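Trainee: I have a model to read and several labels to check. Can we go through them one at a time?

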Amino acid sequence: MPIGIRPTNDFAFKKTFGTVENKSVLISLLNAILNLPVPISDVTLENPFTVQDFKEDKLSILDIRATDSQGAIFDIEMQMANVPGMPQRLVYYGCKIYTEQLQSGEDYRELNPAFSICIINGLLWSDSQQVHHAFRLTDQRSGRTLTNTLEIHTIELGQHQLTESQLATAGPLDCWLYWMKYADQYDAKDLESLFPKSEMLKATQTIEKISEITEDKLMYDSREKAIRDETWRLNATFADGEAKGIEKGIEKGIQKGIQKGIKQGNKNGKIELVQTLQQILLLDPTSSAILSQQSIAQLDQLAQQLRLQIQVRNS
């Protein structure tokens with residue numbers, strides 16, 4: 001029987017990677033993502049998992065923060081629902097993690113590297129198939145990077161297309177991402193056979209236990225309901241936006257009262273539909289001036305592509 005516990009559920013995610021007993025699991029994931037010149041060997045959890053965290057807020061984003069022996073800070077979160085302004089949010093919180101190290105009057109040389117990692121259960125950028133983005137402070141002309149300062153990493157599970165048959169030759173990050181996406185669909189024994197390394201075995205055992213412990217399962221189900229409610233809200237926004245875009249386009253066409261006006265009204269409706277879909281995907285809407293240069297057929301094709309991205313994100 002499949003385990004039925006999705007690691008992308010933030011309760012399951014934090015219990016898997018954010019407990020003291022699973023510290024080795026977190027270290028394995030961090031090393032897979034960051035691929036540092038010197039691998040992380042030990043960390044101290046600054047905010048270990050507690051059930052109470054999840055009882056207080058159904059949709060808060062609960063990160064995992066840890067430091068290593070050199071003082072470097074690692075902050076990792078699972079985004080179960082996209083929010084408007086995601087890139088700006090990532091920069092804001094990354095900078096906050098970095099700057100909060102110092103008190104007034106302290107030496108800037110005391111600042112330690114900070115790594116902010118956001119795993120998104122869906123898509124962030126539709127114009128790229130890249131799964132993992134690593135942002136660093138780099139001069140575009142010389143290529144010089146301000147090392148040992150701030151790094152922001154994004155991982156889009158919606159872009160990850162690895163299949164089971166490719167696992168045998170896959171790297172550590174690909175294995176972890178496949179496990180996050182599909183662990184719930186496997187029987188525990190089959191999953192342990194696919195991922196026999198000790199850290200991944202421990203991760204599998206953790207989500208298996210969630211299904212067996214009454215309080216944990218109730219909390220997991222509560223978070224699942226919150227995810228479904230948020231998905232419903234986004235879909236409702238999409239449907240409402242689509243209807244308004246079409247309605248406004250038709251109204252404009254009627255007002256002009258001629259065939260050209262009707263055609264233009266239909267096109268305006270499709271332009272607004274595309275812009276609404278882009279907003280649902282947390283993308284900056286393309287300007288009406290640019291979209292108006294596209295044919296109605298091209299706008300229909302673009303709207304269909306955006307709909308598919310929303311379906312992938314919410315699946």
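Trainee: How do you know how far helix α2 reaches from its first C-alpha to its last, and what span is expected?

Mentor: Helix α2 covers residues 23-34, 12 residues in all. The expected span is 1.5 Å times one less than the number of residues. That gives 16 Å expected, and α2 reaches 16 Å, so the two values are close. Bear in mind that this is a predicted model: local features need pLDDT of at least 70, side-chain atom pairs count only at pLDDT 80 or more, and totals for chains, interfaces and linings use all residues. Residues are numbered from 1 along each chain as its sequence is written, and side-chain values use heavy atoms, leaving out hydrogens and water.

Trainee: What makes a run count as a helix or a strand?

Mentor: Both are DSSP runs, numbered from the N terminus: helices are H or I with at least four residues, strands are E with at least two. On that basis the protein has 11 helices and 6 strands.

Trainee: Which residues of α2 are buried?

Mentor: V25, L26, I27, L29, L30, A32, I33 and L34. After α2 comes N35, with a positive phi near 50 degrees.

Trainee: Why is H153 called buried?

Mentor: Buried means under 20% relative accessible area (exposed is over 50%, partly exposed in between; 1.4 Å probe, protein chains only). H153 has 1% relative accessibility, so H153 counts as buried. Across the 315 residues of the protein, 46% count as buried.

Trainee: Where does H153 sit, and which residues does H153 touch?

Mentor: H153 is in strand β6, residues 150-156. Leaving out residues up to four places away in sequence, H153 touches I33, L34, S116, I117, C118, H132, H133, A134 and R136. Contact here means heavy atoms within 4.5 Å. I33 and L34 are also among the buried residues of α2.

Trainee: What makes the pair H153 and H132 a polar contact?

Mentor: The rule asks for a pair of N or O atoms within 3.5 Å; within protein, one must be able to donate a hydrogen and the other to accept it, and residues adjacent in sequence count only if both atoms are side-chain atoms. The side chains of H153 and H132 make such a contact at 2.8 Å.

Trainee: How do you know that β5 and β6 pair?

Mentor: Two strands pair if DSSP finds at least two bridges between them. β5 and β6 have 5 bridges and run antiparallel.
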